[in-house]
Every structure is written in structure tokens, then in C-alpha cells.
Amino acid sequence: MPYDLEKQLSVDSSPGNQQPPVGLYDHDVRTTKTASHTDDDYSSMHKVGKIVTSDDGNYVWLGRTKFNKYELLEAFGGTLNPGLAAPSKHKFGNPAPLGLSAFALTTFVLSLVNAGAMGVSHDNIVVGLAIFYGGLVQLLAGMWELAVENTFGGLSLGSYGGFWMSFGAISIPFFGISDAYKNNPIEFENALGFYLIGWAIFTAMLCLVTIKSTVGFFSLFFFLTLTFLMLGIGKLGHSDNCTTAGGVLGIITAFIAWYNAFAGVANEQNSYITVHALPIPKFGRQANEKETKHYQ
């Protein structure tokens, strides 16, 4: 790195310094053109993929804002935070346990039906839960996640809130969805298979985002991906065994979601039982250590 560019990325270690170093923009650390740079130099510059900290290592620049590194939020399933993040500036409660609980209960009931528990084979009992608790309440929790600046939480809870409402709509005659296939039940099964496989792909994408978080957090999306996948295969392959397997996986997923919800609401002040995050080991540790020595 050129010396003048290195100077741009240095940070005054005094706690009172509130101005970001030159070259910092929101969400990225970028190089900046100065009087000493020619147009050719500027066009060859690229993103600098390092977090900039103060010389003493106690402060971190994220965008144009300076944070004490001990105040940064780490990955935790109880807050649906998949990685290092700055605390929200807004004074809201944690909406993640509400959204996770809404998802867990609705998933639990539907999965018992899919697994054929106690001889129940019709999923109409889930419609009310899907519309109001798993749907509306979870959607609201997702919007509150966006209000507290948690993009992942807003995406996941908002999307699955929409999933449950759309699922409930399939069983409501007003929407005419199932009636459109009443003369061809096989086509209806295949259409449901497409629907579920699409959600499996989306959930797998979210699972990849949690792969560096915690065991409980990652497990939630991993088992949910398998659940959607097995249910989708069950519909497309017209296999009751795959649907039953999807139901069993869904029950496991529901309990993991409740576990994460409990982790987000339980603390030493209100419970004798608390949950401690178990981080997933990171691969290539030696390479990561070399990369982070500069700002630790």
C-alpha cells in the first residue's frame, strides 16, 4: 500500500476523535482520490478489505461512525444477528424472540400434521396460526428488526411471515388457489412442490450467511432447509415417506427456533437457566489471525 494511502487510513487513537479517516464511506472502506493522485492512479484503486481501528485497538470505524470494540454485537441466535454489528441507535426491545416464537409454534403444529402424529392428516388447524401468529406477528417482528437496523432479521422474519400467510391463503376458498386445481390433484401436488423447493433455495441462502455464527443459529436454518427440501420432494415425488420425514425435521426445527427465542429473552436477572452461545469454529484460522493482527 502506498505511504500516502496508508496515512489516509490511520486513525487518531484519542477517544474524543469523532471524525473518520479520509477514505471511509458508509458500509465500506474505500480509497479516495487526493491531489497527489493522478486519474490513472485513481482508476486502479480498489476497496480495502480491512476494518480500520485506532492505534490502541480499542475503537473501530464502521462507515463514518466510531465504536468501542467492546460494544459491538457478536453473532447470536437470540438476536438473529449473524455477525459482527454495531448496536442500534434506536431504543427498541429485541423483536427476535417474538418472531422466532411465532415461527416455532406454527412450524411445530404443521410438522406434527405432516408427520402423521395421532392420526391427524388435515392441516386446516394451521390456517389460523399461519395467518395471524406465524404470518402477521412474524411479519411485524421482521419490520421491527429493520427498525433496529438488523437486515438479516428483517429479511428472515419478514419473509417467513409472508410464507405463512401465503400458505394459509392456499387453504382459504376466498383466494381460489386450491379450487383452480380441483380437477387435477396431481398438478396441485407438483405446484406445491415448486413452492416448497423455492423456499428451500431461499432458506439455503440464509443458511450460508449463518455459517460463521453459532451452532444454534446455524442449526435453525440448516434443518429448516432440509425440512423444505424433504417436503418439496415429497410433493413432487408423491412420496408420503418424504413428507413424513419433512414433518419430523420440521419438529426438530421448531424446537431449535424455540431454543434461540429462549436465548434472546432469558438472562441471569429473570431465569436460573440461561443460554450461552457456542460459536462455530472458523476454518483457516492462521490466515485470519495474520489478517487481523493489524487492528487487534
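Reply: What follows goes from the chain as a whole to one helix, and then to other places along the sequence.

This is a predicted model, in which local features need pLDDT of at least 70 and side-chain atom pairs count only at pLDDT 80 or more, while totals for chains, interfaces and linings use all residues. Residues are numbered from 1 along each chain as its sequence is written, and side-chain values use heavy atoms, with hydrogens and water left out.

The chain holds 9 helices and 5 strands, where helices (H or I, at least four residues) and strands (E, at least two) are DSSP runs numbered from the N terminus. Their order along the sequence is α-β-β-α-β-β-β-α-α-α-α-α-α-α. Of the 296 residues, 40% are buried, a term that means under 20% relative accessible area, with exposed meaning over 50% and partly exposed in between (1.4 Å probe, protein chains only). The chain exposes about 16,800 Å², of which carbon and sulfur atoms supply 62%; such areas come from the Shrake-Rupley method with a 1.4 Å probe, and for residues only the protein chains shown count as cover.

The part to look at closely is helix 4, which spans residues 126–147. Helix 4 gives the most to a nonpolar surface patch, with 4 residues. The patch is formed by L98, F132, L136, L140 and W144, and together these have about 480 Å² of accessible area.

In the loop between helix 4 and helix 5 (151–170) lies E149, which has a positive phi of about 70 degrees although it is not a glycine, and which is partly exposed at 46% relative accessibility. Further along, H238 sits in the loop between helix 7 (215–236) and helix 8 (240–265); its phi is also positive, about 55 degrees, without its being a glycine, and at 41% relative accessibility H238 is partly exposed.

S111, in helix 3 (residues 96–114), is buried at 4% relative accessibility and, leaving aside neighbours within four places in sequence, is in contact (heavy atoms within 4.5 Å) with G247, G250 and I251. L192, in helix 6 (residues 185–209), counts as buried because its relative accessible area is 14%, and it touches I170 and K235, residues up to four places away not being counted. L192 and K235 are 43 residues apart in sequence, yet 6.5 Å apart from C-alpha to C-alpha.

Finally, an unreviewed UniProt entry places the feature "transmembrane region" at residues 96–113, 125–143, 163–181, 193–211, 217–234 and 246–266; its positions are given in the numbering used here, feature names are shortened, and annotations may be inferred rather than shown by experiment. In the model, residues 217–234 are 100% helix and 0% strand, with end C-alpha atoms 26 Å apart, whereas residues 246–266 are 95% helix and 0% strand, with end C-alpha atoms 30 Å apart.

Key: Patches are made of residues with over 30% relative accessible area and no salt bridge: like charges are joined within 9 Å, nonpolar side chains (Val, Leu, Ile, Met, Phe, Trp, Tyr) within 5 Å. A salt bridge is a side-chain nitrogen of Lys or Arg within 4 Å of a carboxyl oxygen of Asp or Glu.
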